[in-house]
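Thank you all for coming.

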Amino acid sequence: MDYYGFYTGTEFQAYNYLGAHIEAGEGIFRTFAPGAKHIAVIGDFNQWNDVPMNRVYDGNFWECRIPGVKPGMKYKYRIYDQNGGCLDRCDPYGRYMELRPHNASILWDPESFRFTDSKWMKKRTDQKDKPLNIYEIHAGSWRCRPQKTKKAQNQEDRDAVTADISGQWYTYKELAKLLVPYLKENYYNYVELMPLAEHPSDQSWGYQISSFFSPTSRYGNPDDLKWFINQCHQENIGVLMDFVPVHFALDDYALWRYDGTALYEYPSNDVGRSEWGSCNFMHSRGEVRSFLQSSAHYWLEEFHFDGLRMDAISNLIYWQGNPARGENKSAVQFLQNMNQGLKKKFPSIILAAEDSTARPDITAPVVVGGLGFDYKWDMGWMNDTLSYFQSSPQQRVERYHRLTFSMQYYYQENYLLPLSHDENVHGKATILQKMNGDYETKFPQARAFYLYMYAHPGKKLNFMGNEFGQLREWDEKREQDWDIIRYPVHDAFWRFMKDLNQIYKENPAFWEKDYVREGFQWLDCHQEARCIYAFERRGGSQRILAIFNFSDRVQEHYLLTVPDARKLKTLLSSNTDIYGGTEALQIQEIPVVKGQAEFSLPPFSGAYYLIG
């Protein structure tokens with residue numbers, strides 16, 4: 001390891017030196033703990049008795065060698081601080097860990113799995129001019145093993161019975177066998193997994209991490225996760241992981257006051273504690289930067305992840321995520337250096353920022369002052385659009401331009417349109433439930449909403465359950481409500497989403513020119529009283545018209561000017577009867593006379609037309 005690079009925050013592979021390694025039957029243990037008075041290694045191999053570690057290099061690193069150590073053995077570092085305290089710690093660079101509530105690190109051989117995905121790795125890209133349709137899942141609650149629950153005596157009991165799925169998770173391998181065919185059937189070409197680094201609390205969803213190099217043991221061992229990714233790649237499905245570079249879990253067996261001092265965090269709670277009650281990383285320290293960017297590099301290199309969605313970037317850009325407190329220049333510099341370094345080593349990966357700030361150049365190159373992300377989540381589009389659909393048809397007249405505003409700023413960044421887990425929890429209601437009105441009117445609105453989303457420029461992300469109209473908010477303790485697919489209205493909605501995904505994936509007009517102005521043109525965005533919108537998408541040799549009526553009334557005799565068009569051919573209509581609409585399935589051709597086409601638009605509907 002480059003010690004100077006480690007201290008100055010330019011090291012990307014510190015895990016090859018620090019942590020536990022096995023060479024020729026001998027365990028080599030190294031940790032960085034400059035404030036410790038004394039450190040010992042304890043584990044299965046020494047009956048959990050102290051084996052002293054020695055200071056090496058400049059005295060800030062500790063090392064010991066123990067014979068007879070094998071993969072699968074558990075261990076910890078027993079750290080004695082300068083004040084006489086002592087705590088047993090998991091390894092900050094450990095590659096595997098016990099299932100909570102236990103917290104020992106576990107030795108693992110990183111060479112024990114061989115990938116067979118070279119074909120995928122050679123051809124993958126960042127998808128800028130290709131379709132990117134991401135299915136976001138929580139690995140523990142997408143599907144779960146069937147289990148016995150108490151016998152319900154009446155309907156009230158049946159409604160109250162909810163299975164605690166703790167311990168009923170599918171393994172990474174089992175999950176792959178179920179998920180990969182599902183992704184293909186539904187035309188998703190990327191899957192995004194909520195954080196998989198080890199974490200103590202199921203309720204944190206993986207966002208409060210205790211071990212940044214250990215895939216959670218909830219679903220198996222590191223090789224099982226590699227197998228999962230390898231299987232996805234065999235079927236041409238990319239895999240993204242949620243990465244958390246902002247904060248870490250407060251548990252005293254992990255990073256908190258690791259060597260008896262504030263080594264990874266700020267010494268002051270004013271900026272040291274996050275809004276989630278966790279510890280903020282101190283990004284001004286080179287050692288912390290090297291730790292985090294080594295973690296990012298580790299998941300990409302060792303596990304072949306195809307990219308990282310980085311959580312809570314606004315809390316890195318500004319102190320505590322608050323622009324009024326000013327920019328955190330050290331954290332911004334950390335992001336620039338990390339993103340630039342990762343893209344240099346892995347040019348074809350995807351780096352996506354969950355960022356709700358107005359700071360410019362999130363997706364601009366670092367060399368021109370940008371942060372170097374490939375994509376930025378368009379939180380503005382998400383909030384404005386959902387707010388519009390939550391409003392009544394009468395209110396939509398006044399709020400008409402909430403749906404046009406996104407294109408006023410769209411070309412400032414490379415945007416990705418997210419409907420993530422955050423929009424399906426904490427009393428916000430699921431996407432389907434957000435639609436205005438009663439149960440029956442929610443479905444046509446949701447179909448029209450998704451038709452609008454998939455035609456709008458920008459890559460797509462949809463959270464599990466949204467595709468079949470989940471009504472219950474997501475709960476990490478329960479699998480998705482798959483049973484509701486047996487109801488015709490949900491089954492029809494699911495069919496619509498499959499067909500929409502397929503059409504998006506197979507038609508370059510929807511994605512080839514996502515980030516150039518030639519790919520989009522408003523044809524009509526001034527029908528405030530009628531809530532009609534029309535725009536054109538272009539890509540390859542295709543031109544596609546997207547037209548919408550978001551009012552609750554039929555809009556008859558609507559004339560639309562479609563430049564340089566002779567005819568329009570139906571590609572997809574949200575009002576088709578097989579999707580729960582009122583119109584029979586048919587390929588309709590609409591003539592364009594003197595540049596104009598006439599439409600009769602059903603309420604809460606949308607349609608795509610190929611322009612000929």
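This is a predicted model: local features need pLDDT of at least 70, side-chain atom pairs count only at pLDDT 80 or more; totals for chains, interfaces and linings use all residues.

**Ser573 and its surroundings**

Let me start with a detail: a polar atom of the side chain of Ser573 lies 3.2 Å from the backbone nitrogen of Asn575. A polar contact is a pair of N or O atoms within 3.5 Å, where within protein one must be able to donate a hydrogen and the other to accept it, and where residues adjacent in sequence count only if both atoms are side-chain atoms. Residues are numbered from 1 along each chain as its sequence is written, and side-chain values use heavy atoms, with hydrogens and water left out.

Ser573 belongs to strand E26, residues 567–573; helices (H or I, at least four residues) and strands (E, at least two) are DSSP runs, numbered from the N terminus. Is Ser573 buried or exposed? Ser573 is buried, because its relative accessible area is 12%, and buried means under 20%, exposed over 50%, and partly exposed in between, with a 1.4 Å probe and protein chains only. Setting aside residues up to four places away in sequence, Ser573 touches Tyr579, Glu583, Gly606 and Ala607, where contact means heavy atoms within 4.5 Å.

**The cores**

A nonpolar core is a set of buried Ala, Val, Leu, Ile, Met, Phe, Trp, Tyr and Cys residues joined through side-chain atoms within 4.5 Å. In the largest one there are 166 residues, and those with the most contacts inside it are Phe29, Phe228, Phe305, Tyr450 and Tyr608. Helix H14, residues 439–455, gives the most to this core, with 10 residues.

Most residues other than glycine have a negative phi, and most peptide bonds are trans. Against that background, please look at Tyr187, which has a positive phi of about 65° and sits in the loop between helix H4 (172–185) and strand E11 (190–193). Tyr187 counts as partly exposed because its relative accessibility is 25%. His304 also has a positive phi, near 60°, and its place is in the loop between helix H7 (286–302) and strand E17 (307–310). At 15% relative accessible area, however, His304 is buried.

Where is the cis peptide bond? This bond joins Arg100 and Pro101, with omega about 10°, and Pro101 is found in the loop between strand E8 (86–89) and strand E9 (105–106).

**A loop residue**

My last stop is Leu250, in the loop between strand E15 (247–248) and helix H6 (269–272). Leu250 is partly exposed, because its relative accessible area is 31%. Although Leu250 and Ser278 are 28 residues apart in sequence, they are 5.5 Å apart in space, C-alpha to C-alpha. Leaving aside neighbours within four places in sequence, Leu250 is in contact with Trp256, Arg273, Gly277 and Cys279.
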